[in-house]
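Dear colleague,

Please find the structure below for your files. My notes on it follow directly after.

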Amino acid sequence: MNANLEQIKQEIISGAEELTSSKEVYEFKKKFLDGKAGKIGMLMKEMKNIAPQERAAYGKGVNELKEWALGFLGELDVKMKEKELQARYEAEKIDISLPAAEEKEGNLHPITLVRNQLIDIFSGMGFEIYEGREIETDYYNFTALNTPQDHPARDMQDTFYLSPEFLLRTQTSAGQIHVMENSKPPIKILSPGKVFRSDDDATHSPMFTQMEGLVVDKGITLCDLQGMLDVFVKKIYGEGTKTRLRPSYFPFTEPSVEVDCSCFECGGTGCKLCKGTGWIEILGAGVVNNKVLENCGIDPNEYSGFAFGIGIERTAMLKYGINNIKLLFESDLRVLSQLND
Amino acid sequence: MITPLSWLKEYVDIDITPQELQDKLFSCGFEVEELYEVGKDISKVVVGKVMTCEPIPETHLHVCQVDCGEHGTFQICCGADNVATGGKFPVALVGATVYATAKDHKTVEGVMTIGKGKLRGYESFGMLCSGVELGVSENMFPGAGYNGLLVLPEDAEIGADVKPMLGLDDWIFDIAITANRPDCQSIFGIAREVAAVLGKELKMPALDYTETDAELSGFKVSVDCPDLCPRYSAHYVTDVTIGESPAWMKRRLALVGIDAISNVVDITNYILKELGQPMHAFDLSTLEGNAINVRRAADGEKIVTLDEQELTLNNANMVICDGVKPVALAGVMGGLNSEIRETTSAVLFESAKFARDNIRRTSRAVGKRSDSSARYEKGVDEYATVMAMKRALHLIEELGCGKVAKTHVDVNTGNSVEPRALTVSIDRVNKCLGIVVPNEEILKIMTNLCFEPSIDGDDLKLMVPAYREDVETYQDIAEEVIRMYGYEHVVPAFMPSAQVTIGGLNQVQKTELRLKKALCSAGAYECIHYSFFSPADLDMLRIPEEAAERNAIRIMNPISEEISLMRTTLAASMINAIARNQKKGNLAGRLFEIGNVYMPYELPLTQYPDEKARLCVGIFGENESFYTMKGLAQKIAETLHVTFEYEAMSNTFLHPYQTAKVLCEGNEVGYFGKLAYDIADAKDLRTPAFVMELDLKVLSQWYDKKAVFTPLPKFPEESRDLALVADRSITCGEIEKVMKESCKYISKITLFDIYEGEQIAADKKSMAFTVVFTPKNEAFTAESVDGYVKKILKQLGKAYGVELRS
């Protein structure tokens, strides 16, 4: 081999030992292999000074040197890059036990969450959502719902009056009357909203949320109420949940029932949540009283219906294990941030 | 309704356990809220006979050998003064539970378990008991009130459990009665239901009596207010001897929590509990004018009631008067002037129906509640007034404390006390329930409920008892049938005959939910605050007297002043929520609420007020600023697919220079800004707070706006960075507005730097913008964009003297 070529090879080998970074490798490589400009490229220009009979051998030698240098420096480059990558990772070694960066995301209020869940279930059953007025007249809140002035049921609810005629609705049922006055059956509405009663302790708030459902159509019976409730409790509390109806009293339904569902905590065997009874009271319901239909101009000989009312706070409190209703209205971030779905 | 089992058994043979009865009552609509044995705390107490009783020297104690039959004979030390050889007393054996008493031997201080003891060196294996220690009062068992040992009858079987003989094995049912069943507000009323649900015979209380010839000649009853008093009956009783009631009556009254007073008064109380009819007895000698007159009180009229309080009445109250003066506040309490005394020798009984609402209002207005008013408030029926009078006269005879005279006056403008005929269609009853109840079941149920049913084809013919004022239609009958037949017979169905409906949220509801979710994704938590607020909140916000927000609707009967007004702004509740959070150490956070404000058209209300949905956002913390709040406003605008514009404004509770009015397509929709420092200080806020309130009712006009897709530009966009120098008073918004107006190709302007300082004149600032130009129909040339920039600079110079920074 041409001594010159051998010299370049040695120059590369010894020079490579000095290299410490891929950048240096790149610069070093450029010194020898940069098209026609590098030292090896220059060797080709020497060709004209080589004796013709040696030219073939010389050319071959240069090419071999070039191939070798490409391979040798390429390998070095890969090694160097690997080393550098490793070093970069090591430099970025962190304490993974440090606190997480805050991901800012708020929550819907638990009342909204429960409300949405119920709305989803009942929307699927064909219920429209109707939000009535919060300030109502005595007529819509009581009289039209078969609760005239002297009716004992008025004692069941302590009403906030705004004037002799106007009041804060004590029940979302008030909205039923507006709907029935303004539309013809079939009626299938779900009426969520704020209601107000003069009551204030650990389980009662002067403002709370109800969700009233109403179905009026031909041939509606108590069995339909039972069937709908069965679907509802299974969707909200799980497939195995059972319902139990027992007699109760509301002026606007007859028969009236209180609806219990098998305790979703213990499955009905009795626990602290259900106070050992295996049942949890979830809502009041009944067949719409004909007097209410008549008050709204709906012929009870043609149509019948059922209605039910659910307390949203109670449902939310059961769901999240909240023991004081006040917590729902105090907007304490320590509370709100826990109550996500 | 407190109901002792032993008393119920007077009218029905009950052969099931108390727990089984509880379940039966529950299934037919009577929830037993509490069920307990009278002697639930007493156990292992037996009859013992003192065989020997030796005094322990220098003490008041005795050491006794007590024979307890099968349990053995025990040495027991006893300090009671009536312990004596041969006497039979209750013995609490070792391991027994009885009530512990204080030093006075009268006050119960919990339950104790008896252990072996040693007194003055004498071992003691048990305790001889007093009535108090067993929870037995004098009224429950004669002699039990003695402050010493309870003496048991001589024939008591030695070693037997004392509970049955003291009535401690009785059970108390506390039963919830729904508002439609006032007829069950009595032991007998409950008994009727128990008889029906058990299918047993109902035994009527004795109502018979014999009248003498005595009469009050010329005696008259007049009712001036038949609307408030549909029935008033009075009966004269002579030869009255006031004394103690018999033990059985005192015991029953004690079980329901009433102290025995005297035979005549006890009879009225007994009937109140037994039949649910309040009665009153007047001392006849105190009545003047030989008459009873029921009327509304005169305004300012006074009466002194039995409890020696003088009340001033008005026209809304009702009084019972003799021929001269008021002698009772109707339905609430008798007058002191006519009360039964030891010397009473003739009595006039009253049994009346008063309007429930009138008694309720009067009782509340004068602040006086009695067993009688509590009962009247729930409603009594005419049937009970008649039955109760008969029962009272019977008891007068039975107790031997008077003679029933002839004089009976009954003023009746109310309902008949005879059963009413009602015919309903069996088919409709079944269609209401959705099942077919066999006819024989219906007959059985209605028979048990005393409706005397018969069936004729589809007709169910009934005689509705007079006390069932709640039963009017086939729906009521359906309820009677199913509550007795059992709700477990209801078969779930899913509206097979109903039409299909399509449900779901409407546009407004959907949009509000989208807004809420958008705010949650920006780190805000939804809150719900009371719809009411305080006049102090309006003062805190310094709302001017003439502002609409001051014109809040007032609750006539608020729980407290803090929640006495209907909200006219959500800002106050939000500021208070921020303050509460800071007090608890939450120094940064984001909150929002969607709720109504209530704007009246006039006060007092004569029409529905405007209920307007508002959105209120409250943010606080060192990292929050006017601009972070502006970012939330932008987020809301984007969610609604609208554009907000902002104008500087000031209001009474926000920072004068960090408050913006929010406009949407030229309409004012709300405001936001930094909470004023003095308010923040007054609320002890430790970090800056910002409030935004938007009127969703106004915004709802754009709720149907959809996101519109703009095709991507066909030709490349160009952007230029422009550093501009302007007077410090020129706003970013003003510059952007001029730029946009001077070139239609501008699609986006972004401010990326503001500089004030040495490198430019003192009254100037430098603002650097990136301006993006989007071509429309043809591509830009290098010259065209330069041309636009030149034009923009020219317009800026003209409008505000703005120059390119050199």
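In this predicted model, the buried residues of helix α14 of chain B are B:T511, B:L515, B:K516, B:L519 and B:C520. The cover over these residues includes elements of both chains: α5 (110–124) of chain A, and β26 (525–526), β29 (589–599), β30 (610–620) and α17 (626–640) of chain B. Just after α14(B), B:G523 adopts a positive phi of about 85°.

A helix pair in chain B also deserves mention. Helices α6 (residues 247–255) and α7 (residues 263–275) of chain B pack with their axes 10 Å apart, at an angle of about 50°. The two helices are therefore oblique to each other, and their crossing is left-handed. On α6(B) the contact is made by B:M249, B:R252 and B:L253, and on α7(B) by B:D266, B:N269 and B:Y270. By class, this contact has 3 nonpolar, 1 polar and 2 charged residues.

Turning to the interface, 71 residues of chain A are in contact with 78 residues of chain B. Among the elements of chain A that give two or more residues to this side are α5, β4 (187–196), β5 (207–217), α8 (222–237) and β7 (253–262). The largest share, 7 residues, comes from α8(A). By class, the side of chain A that touches chain B has 33 nonpolar, 19 polar and 19 charged residues.

With kind regards

Definitions and conventions:
Residues numbered from 1 in each chain as written. Chains lettered and ligands numbered in written order. Predicted model: local features only at pLDDT ≥ 70, side-chain atom pairs only at ≥ 80, totals over all residues. Buried ≥ 20, exposed ≤ 12 C-beta atoms within 10 Å, placed from the backbone. Helix = DSSP H or I, 4+ residues; strand = E, 2+ residues; numbered from the N terminus. Contact = placed C-beta atoms within 7 Å. Axes fitted to C-alpha atoms, helices over the stretch in contact; angles between N-to-C directions. Parallel < 35°, antiparallel > 145°, perpendicular 65-115°, else oblique. Left-handed = near helix turned anticlockwise from the far one by under 90°. Nonpolar A, V, L, I, M, F, W, Y, C, P; charged D, E, K, R; others polar.
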